[in-house]
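Work through the exercises below with the coordinates open. Each task is followed by its solution in steps.

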Amino acid sequence: MNKKRILIRLTVIALLTALTVILNRFGSIMTADIKIGFSFVPIMLCGMLFGPLWGGVCAGLGDILAAILIPLGPPHLGITATAVLSGIIYGFIGIAAERLKGNGIYLTLSAALILTEKLVCTLLINSFWISGMTGNPYLVQLAIRIPQAVILILPELILAFVSKKYIAPALKKALL
């Protein structure tokens, strides 16, 4: 890969990370226990364009930068690690998009990956971290966060399909 392509790739990753920070802090509805928003979109795009590793980097850097630039409380490395895991999972949606040409198979695998991210990251792991931060019992925290996970499944699946079909190919053609 030549230097110009590497520079373009890093610039796109940086822009998607910055967009993650903006959507994380200003494009989300947040309470102490839940967050509903679209900060996953640039992370998903980064994973689709560059793979799971860069999806994780985008998510992790986005979380750290948001905590530093616009703090809503003390930074929590557990939540950052969970964000990285989410970015990696979203990156596998990008791999599925490239390798699976049929939309039915792609949608099925995307749905499975999004459900995995919601169950493992949003519900199980982040509920544990937030439980420790708020003092709520884990099962209470888990029950509080179930609606958030359920509400976001359909929009994430729709945006994964739209990103695969229109946004990622347009970005690849224009920039990469």
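**Exercise 1: a helix–helix contact**

Task: in this predicted model, find which residues of helix 3 meet which residues of helix 4, then describe the contact.

Solution. Step 1: Pro52, Gly55, Gly56, Ala59, Gly60, Asp63 and Ile64 of helix 3 meet Ile79, Thr80, Ala83, Val84, Gly87, Ile88, Gly91, Phe92 and Ile95 of helix 4.
Step 2: sorted by class, this contact holds nine nonpolar, six polar and one charged residues.
Step 3: the axes of helix 3 and helix 4 (residues 77–99) come within 7 Å and cross at roughly 145°. The crossing is right-handed.

**Exercise 2: helix 1**

Task: check the span of helix 1 against its number of residues, and state which of its residues are buried.

Solution. Step 1: helix 1 (residues 3–26) has 24 residues, so at 1.5 Å a residue it should span 34 Å.
Step 2: its end C-alpha atoms are 34 Å apart, which agrees.
Step 3: the buried residues of helix 1 are Val12, Ile13, Leu16, Thr17, Thr20, Val21, Asn24 and Arg25.
Step 4: what covers them includes strand 1, strand 2, helix 2, helix 3 and helix 6.

**Exercise 3: aromatic pairs**

Task: how many aromatic pairs does the whole structure have? Classify the pair of Phe38 and Phe40.

Solution. Step 1: the search finds four aromatic pairs.
Step 2: the ring centres of Phe38 and Phe40 are 5.9 Å apart with planes at 45°, so this pair is tilted.
Step 3: Phe38 is partly exposed at 39% relative accessible area, whereas Phe40 is buried at 6%.
Step 4: ring pairs link Phe38, Phe40 and Tyr90 into a cluster.

How values were computed. Residues are numbered from 1 along each chain as its sequence is written. This is a predicted model: local features need pLDDT of at least 70, side-chain atom pairs count only at pLDDT 80 or more; totals for chains, interfaces and linings use all residues. Side-chain values use heavy atoms; hydrogens and water are left out. Helices (H or I, at least four residues) and strands (E, at least two) are DSSP runs, numbered from the N terminus. The expected span of a helix is 1.5 Å times one less than its number of residues. Buried means under 20% relative accessible area, exposed over 50%, partly exposed in between (1.4 Å probe, protein chains only). Contact means heavy atoms within 4.5 Å. Axes are lines fitted to C-alpha atoms, for helices over the stretch in contact, and angles run from 0 to 180 degrees between N-to-C directions. A crossing is left-handed if the near helix is turned anticlockwise from the far one by less than a right angle, and right-handed if clockwise. Ala, Val, Leu, Ile, Met, Phe, Trp, Tyr, Cys and Pro count as nonpolar, Asp, Glu, Lys and Arg as charged, and the others, Gly among them, as polar. Rings of Phe, Tyr and Trp (its six-membered ring) pair if their centres lie within 6.5 Å; planes under 30 degrees apart count as stacked, over 60 as edge-to-face and the rest as tilted.
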